[in-house]
Amino acid sequence: MADELLNIGSSPPRERADAARNRGKILDAAARLFAENGVANVSMDQVAAAAGVGKGTLFRRFGDKSGLAAALLGDRESVLQEGMLSGPPPLGPGAPPGERLIAFVTAYAAFLEESLDLVRLSETASPGARYRIGAYQLWHRHVTVLLAKARPDLDADYLAHAILATLGADLRSSLDYSAARATAGAVSLARLVLSGVTTGP
């Protein structure tokens, strides 16, 4: 399973030194401005000015603010990915698939709480944006594989999307659910899927 998951999130080509420096300056500036003012209150022009780069450089590299958000999320996502692929059980290998699924849902809920505004921006930039994000594809594949192992009688691909829907950033922030309530709800749904009786077609 690890090889399948790693193929989804393959590393980008190595950057030129000057491009890497600009990228670092932009991400540092964006992280600082977002933390100080909130994601919604920061413009791309402000990020470019704070980073000391031209607006063209910023837009060519990241496209728009959602692309910038996705780049900022990369380091945080990689910690969760590492835990899934090679960390200790139950999040990492070695535990039964049902236990790993619950551990992932809980860990992702914590990640979402830490990065809610950035995740929401990256997921809602355009219709269907959430499903095109490489990280979401990785989460979905992981949940699908665990479900298929735990409950081979179910439509694991579809139900993986259903479980992840409870962890959507827009749901979490638009309805103002507390982190505890959102986590409990997502875990409860995952447990129901794992233990429930199927009656559908």
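The largest cavity in this predicted model has a volume of about 80 Å³, where a cavity is a set of points on a 1 Å grid over the protein atoms alone at which a 1.4 Å probe fits but cannot get out, and a volume is the space filled by probe spheres set on the points, which are joined across faces, edges and corners. Because the model is predicted, local features need pLDDT of at least 70 and side-chain atom pairs count only at pLDDT 80 or more, while totals for chains, interfaces and linings use all residues. Residues are numbered from 1 along each chain as its sequence is written, and side-chain values use heavy atoms, with hydrogens and water left out.

**Cavities**

The structure holds 2 cavities of 30 Å³ or more. The lining of the largest cavity, counted as residues with an atom within 4 Å of a point, comprises 13 residues, of which Glu77, Val119, Ser122, Glu123 and Ile133 lie nearest the centre. At least two lining residues come from each of α5, α6 (97-114), α7 and α9 (134-150), helices being DSSP runs of H or I with at least four residues, numbered from the N terminus. By class, this lining has 9 nonpolar, 1 polar and 3 charged residues, where Ala, Val, Leu, Ile, Met, Phe, Trp, Tyr, Cys and Pro count as nonpolar, Asp, Glu, Lys and Arg as charged, and the others, Gly among them, as polar.

**Helix packing**

Two packed helices are described by the angle between their axes and the distance between the axes. Here the axes are lines fitted to C-alpha atoms over the stretch in contact, and angles run from 0 to 180 degrees between N-to-C directions.

| Helix pair | Angle | Axis distance |
|---|---|---|
| α5 (residues 65-86) and α7 (residues 116-123) | about 130° | 8 Å |
| α6 and α7 | roughly 95° | within 5 Å |
| α2 (residues 17-37) and α3 (residues 44-51) | about 120° | 8 Å |

Angles under 35 degrees count as roughly parallel, over 145 as roughly antiparallel, 65 to 115 as roughly perpendicular and the rest as oblique. α5 and α7 are therefore oblique to each other, and their crossing is left-handed, a term used if the near helix is turned anticlockwise from the far one by less than a right angle, with right-handed used if clockwise. In this pair, Lys65, Ser66, Ala69, Ala70, Leu72, Leu73 and Arg76 of α5 meet Leu118, Val119, Leu121 and Ser122 of α7, contact meaning heavy atoms within 4.5 Å.

α6 is roughly perpendicular to α7. Tyr108, Phe111, Leu112, Glu113 and Glu114 of α6 meet Leu116, Val119 and Glu123 of α7, a contact with 5 nonpolar, no polar and 3 charged residues.

α2 and α3 are likewise oblique to each other, and α2 passes α3 in a right-handed crossing. Lys25, Ile26, Ala29, Ala30, Arg32 and Leu33 of α2 meet Gln46, Val47, Ala50 and Ala51 of α3.

**Backbone features**

Most residues other than glycine have a negative phi, and most peptide bonds are trans. Proline 89 and proline 90 are joined by a cis peptide bond with omega of about 10°, and proline 90 is found in the loop between α5 and α6. Aspartate 176, although not a glycine, has a positive phi of about 55° and lies in the loop between α11 (169-174) and α12.

Key
1 Å grid on protein atoms, 1.4 Å probe; cavity = no way out; pocket = protein on both sides within 12 Å on 5 of 7 lines; lining within 4 Å.
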